[in-house]
Amino acid sequence: MHVINLRSDTQTFPTAKMLEAMTTAPLGDDTYDEDPTVHKLEAMAAALLGKEAALLTISGHMANLCALLAHAKPGEEVILDQDSHIFYYELGSMASVGGLMPFPIPSHNGALDPDEVRRAIRGRNLHYPVPRVLCLENTHNRSGGRSQSLEAHRAVCRVGREAGLKIHLDGARIFNAAVRHGVRAADFAAEVDSLMFCLSKGLSCPLGSLLVGSRDFIAEADRRRKLVGGGMRQAGVIAACGIVALEEMIERLADDHANARRLAEGIKAIPRLAVDLDSVETNMVNIDHAGAGLTTEEVVERLKRVGVLASSRPPRHIRLVTHRHYGPADIDEALGRIADAMR
Ligand SMILES: Cc1ncc(COP(=O)(O)O)c(C=O)c1O
């Protein structure tokens with residue numbers, strides 16, 4: 001039985017073309033700023049997102065951290081969603097490494113409410129930390145891949161800008177958002193000071209993320225990358241995969257979205273499982289298993305026994321993520337197995 005691994009789009013493997021590109025790319029020492037393949041990828045990323053410059057990092061977490069460290073000084077405040085990846089899953093690194101003060105506020109289906117952001121921005125007062133950065137996330141991981149429209153994005157950015165905040169967008173999956181809304185990723189980027197996107201998710205690279213912004217900002221972020229031990233040498237082997245990803249892997253994300261919808265519609269027909277079809281906007285499906293009377297771990301274990309890997313979102317959800325390794329026939333096979341497992 002072949003395992004259908006739907007835990008995350010991070011589980012994707014590099015394509016044959018990526019592996020070939022790794023072996024033929026011209027290389028240099030990136031810490032000496034001499035790797036031509038890194039230069040090429042960074043220039044492509046900056047152009048694609050409509051920014052002056054870009055910086056390759058090992059991970060999305062590192063790119064987010066470098067951005068925050070470059071935008072704010074110790075003691076300054078970062079307004080962000082309490083369910084954001086940065087707040088929830090990045091070890092509080094903005095506080096432990098950067099001395100930055102997170103100010104978490106709730107999100108609604110993955111989106112910050114402009115009025116709630118406005119209320120969270122404190123005025124200048126002897127007692128208050130200085131608000132410096134507003135963080136957004138699109139698509140939004142913990143809400144199940146929901147993606148804010150360009151209009152909603154613009155409305156919340158306007159609030160941040162009017163208050164003089166720097167705006168950072170965690171766009172780990174920004175191309176999923178762009179494909180979903182039929183706009184350019186650069187349209188989202190135009191509203192923010194910095195944007196991070198990952199090569200290692202639906203774009204199928206083994207590792208790597210890019211941070212984009214102004215030339216001055218990227219120079220500052222480059223120093224922060226060094227500070228956190230993220231300087232690299234012949235990083236062109238990573239960049240070579242990234243170039244293939246930007247050339248070939250973006251448009252096909254629409255297939256992942258169609259497969260997620262197919263999966264969600266199939267799950268809806270399985271007794272004891274529930275899914276909110278409106279919430280399935282990109283490549284993630286959050287499934288409510290409360291009707292099954294099992295713990296999240298028990299559901300994940302049952303699915304594992306039938307060869308479907310899911311991730312847990314306790315206390316009542318599991319998450320399935322579609323990606324390039326599985327087409328409609330695999331999704332139908334997974335649905336059959338899930339129905340058997342829940343019987
Ligand atoms: C929204 C979001 N931001 C950031 C990251 C961090 O990326 P990485 O795992 O490369 O550090 C992830 C990873 O899943 C993510 O989903």
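Axes here are lines fitted to C-alpha atoms, for helices over the stretch in contact, with angles running from 0 to 180 degrees between N-to-C directions. Helices (H or I, at least four residues) are DSSP runs numbered from the N terminus.

This is a predicted model, in which local features need pLDDT of at least 70, side-chain atom pairs count only at pLDDT 80 or more, and totals for chains, interfaces and linings use all residues. Residues are numbered from 1 along each chain as its sequence is written, and side-chain values use heavy atoms, leaving out hydrogens and water.

Let's start with helix packing. Helix α1 (residues 16–24) and helix α11 (residues 236–248) have axes that come within 8 Å and cross at roughly 140°. The pair is therefore oblique, the class left after under 35 degrees (roughly parallel), over 145 (roughly antiparallel) and 65 to 115 (roughly perpendicular). In contact (heavy atoms within 4.5 Å) are Lys17, Met18, Ala21 and Met22 of α1 with Val237, Ala240, Cys241, Val244, Ala245 and Glu248 of α11.

Helix α13 (residues 296–305) packs with helix α14 (residues 328–342) at about 125°, their axes 9 Å apart. That makes α13 oblique to α14 as well. Here Val299, Arg302 and Leu303 of α13 meet Ile338, Ala341 and Met342 of α14.

Now to the ligand. Of the 14 residues around the ligand (a heavy atom within 4 Å), those that come nearest are Gly60, His61, Asn141, Asp170 and Arg173. Some polar contacts (pairs of N or O atoms within 3.5 Å) follow.

| Residue | Residue atom | Ligand atom | Distance |
|---|---|---|---|
| Gly60 | backbone N or O | oxygen | 2.8 Å |
| Asp170 | polar side-chain atom | nitrogen | 2.6 Å |
| Lys201 | side-chain N or O | oxygen | 3.0 Å |

Conventions
Helix = DSSP H or I, 4+ residues; strand = E, 2+ residues; numbered from the N terminus. Polar contact = N/O pair within 3.5 Å; in protein donor to acceptor, adjacent residues only side chain to side chain.
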